[in-house]
Amino acid sequence: MLKQTQAPKNKLSHTLRSWLPILSSSVEELKETLEPFLADNPFASVQQRNLSELPSAAPSKKDKNFFKEISKNSVTDNIESFSVAKIGLYDKLMGQIDKPLFPTEKSQKIAMKIIECINEEGYYEPEVFDEFSEAEIESVRKRFAYLEPAGIGAKDYKESFLFQLEELNLDEKLFESAKKLALNFENLSQMRKIPLYNEALAVIKRLKNPPAIEYMSEAAAIIPDIVIDTSSGGIEVRINDDFYPEIVIDVEGLDEKESFVASRVKEAKDLIDALDMRKATLRKIALMLVEYQYDYFFGGDIKPMRLKDIAEDLGRNPSTISRGISNKYLECSRGLVPIKSFFSAAIDEDVSNKAIKDFVANLVRNENPAKPLSDLKILEFIKKEFNVEVVRRTITKYRLALNIGSSSERKKTYLLQSGK
C-alpha cells in the first residue's frame with residue numbers, strides 16, 4: 001500500500017486550481033471534500049483516523065472559563081473561536097414580514113427596521129429612527145407578538161412572556177393569573193394567593209427565556225490547522241496534520257502499467273500532492289503570520305494586515321490566500337484564534353477586525369454603569385474613530401464574539417455588582 005508521502009510539485013498548480021475546495025475546507029471537512037474525487041476510483045480510498053483517539057485541540061471547560069475572564073481585560077481576540085452561532089433567526093423574521101400583519105409598505109419598512117434592532121437573545125433594543133415616530137414604531141412592534149419564535153421583539157423578558165401567553169389560547173381566568181405571574185416574576189413567592197396559582201406557574205415554566213434561545217450560539221470543538229508553539233521561549237511553526245485524512249492506494253496483485261490502473265493511480269497521487277500543497281500553502285501563511293505578528297504571539301497586539309500584502313510576499317493571488325485562511329484556526333499560547341482575525345475586513349482594508357473589537361471592548365470597559373452603551377451608540381463611536389461605514393448588526397456580531405452582553409444585560413450585571 002502507498003500512503004501520503006508524495007512531495008508537493010510546482011507542476012500541479014493547475015491541478016490545485018481545479019481542487020480549490022481542498023484548500024478552502026476546514027480540517028473537519030477534508031474527508032468529505034476529498035471523497036468525491038475518488039468516487040469512481042476502485043484502487044484508492046480516503047481514510048480518516050479516529051479523531052477521538054487523537055489529542056483534542058478544542059478548549060477545555062477550564063480554558064473557556066479562563067478566556068471568559070480575560071475578555072474583561074481586553075485580551076479577547078480568540079473568544080469567537082469557542083462558539084459557532086446557529087443561523088436563521090433574522091431570515092426567519094424577514095420571511096414573516098408580509099400581509100396581513102404588515103399590510104402597507106410603510107409598516108413593512110418599520111418592521112424591517114425593528115428586526116435590525118433585535119439582539120441575539122431575541123429582545124428589541126430601542127433606537128431612534130428619524131423617519132418614523134415612536135408611536136408608529138410601537139404600533140408595528142406590538143404585532144411581533146404574532147411572529148415566530150414566540151416572544152420575539154419584546155423589550156424584556158416580562159413582555160416576552162406576555163407575547164408568548166397570547167399564543168397559548170388559555171382560558172380567560174388562567175390567562176389573567178399567568179399574566180400576573182409574568183408581570184411579577186421577581187416576586188413569585190408573594191403571588192401564591194392568586195387564583196389558579198399552580199396552573200399559572202406551570203404555564204410560565206413552559207415559556208422560553210430568552211425568546212430566541214434555540215437560535216443562540218452553542219459550543220463547538222475546533223481543530224486548528226496551524227500550531228504556533230512558544231513554550232520553549234522561541235517560536236515553532238507546524239501544521240496540525242495528525243488530523244488529516246489519508247489517501248490510501250491499493251493495487252496489490254495488479255499490473256500498474258495497465259492504462260486503466262495507471263490513470264486511476266495517477267489521479268490518487270495527484271490528490272495526495274494536492275493535500276501536500278494545501279499543507280505547504282498553510283505553512284507559508286503561518287510563517288508570514290509569525291513574521292508580521294511576532295509580538296502578538298508573546299503577548300502583544302495584533303497589527304493590521306492586508307491580504308494583498310501577504311499574497312504579494314508569497315507570490316500568490318489574494319483569492320488563494322483568502323481560501324487558505326477561510327474556516328481555519330491556529331493554536332498558540334493565547335488559545336484558538338481564527339486566522340482571518342489577523343487580516344483586515346471588507347469594511348476597510350486598513351482597519352482590522354481586531355482593531356475594532358479592541359475598540360469595542362475598551363468602550364464597554366469604560367462605559368457608565370448607569371447607562372451602558374447601546375450597539376447604536378457603539379456604532380457611532382466606531383464611525384467617528386475609524387471613519388468606516390459599518391451596520392449595526394456588525395457591531396452586535398463583534399460584541400458577541402467578545403462575549404459581551406447587550407446593554408440591558410450589562411445594566412443588570414452592574415446593578416448586581418453594586419448591590420443595589
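1. Domain bounds come from an automatic or database domain assignment. On that basis, the lining of the second largest pocket takes at least three residues from each of domain 1 (89–206) and domain 3 (347–418). A pocket is defined on a 1 Å grid over the protein atoms alone, as an open set of points where a 1.4 Å probe fits, with protein on both sides within 12 Å along at least five of seven lines; lining residues have an atom within 4 Å of a point.

2. The model is predicted: local features need pLDDT of at least 70, side-chain atom pairs count only at pLDDT 80 or more, and totals for chains, interfaces and linings use all residues. Residues are numbered from 1 along each chain as its sequence is written, and side-chain values use heavy atoms, with hydrogens and water left out.

3. The second largest pocket holds about 550 Å³ of space, a volume being the space filled by probe spheres set on the grid points, which are joined across faces, edges and corners. Its lining comprises 21 residues, and Glu125, Pro126, Glu127, Ser374 and Ser407 lie nearest the centre. Helix 7, helix 15 (375–386) and helix 17 (407–418) are the elements that give two or more residues to this lining. Helices (H or I, at least four residues) and strands (E, at least two) are DSSP runs, numbered from the N terminus. By class, eight lining residues are nonpolar, four polar and nine charged. Here Ala, Val, Leu, Ile, Met, Phe, Trp, Tyr, Cys and Pro count as nonpolar, Asp, Glu, Lys and Arg as charged, and the others, Gly among them, as polar.

4. Helix 7 (residues 134–141) also packs with helix 6 (residues 105–116): their axes come within 9 Å and cross at roughly 85°. Axes are lines fitted to C-alpha atoms, for helices over the stretch in contact, and angles run from 0 to 180 degrees between N-to-C directions. Helix 6 and helix 7 are therefore roughly perpendicular (65 to 115 degrees). Contact (heavy atoms within 4.5 Å) involves Lys106, Ser107, Ile110, Ala111 and Ile114 of helix 6 with Glu136, Ile137, Val140 and Arg141 of helix 7. This contact has five nonpolar, one polar and three charged residues.

5. Helix 12 (residues 307–314) and helix 13 (residues 318–325) pack at about 105°, with axes 8 Å apart. Helix 12 is thus roughly perpendicular to helix 13. The contact of helix 12 with helix 13 has seven nonpolar, one polar and one charged residues.

6. Most peptide bonds are trans. A cis bond joins Glu148 and Pro149, with omega about 0°; Pro149 lies in the loop between helix 7 and helix 8 (157–166).

Conventions: Angles under 35 degrees count as roughly parallel, over 145 as roughly antiparallel, 65 to 115 as roughly perpendicular and the rest as oblique.
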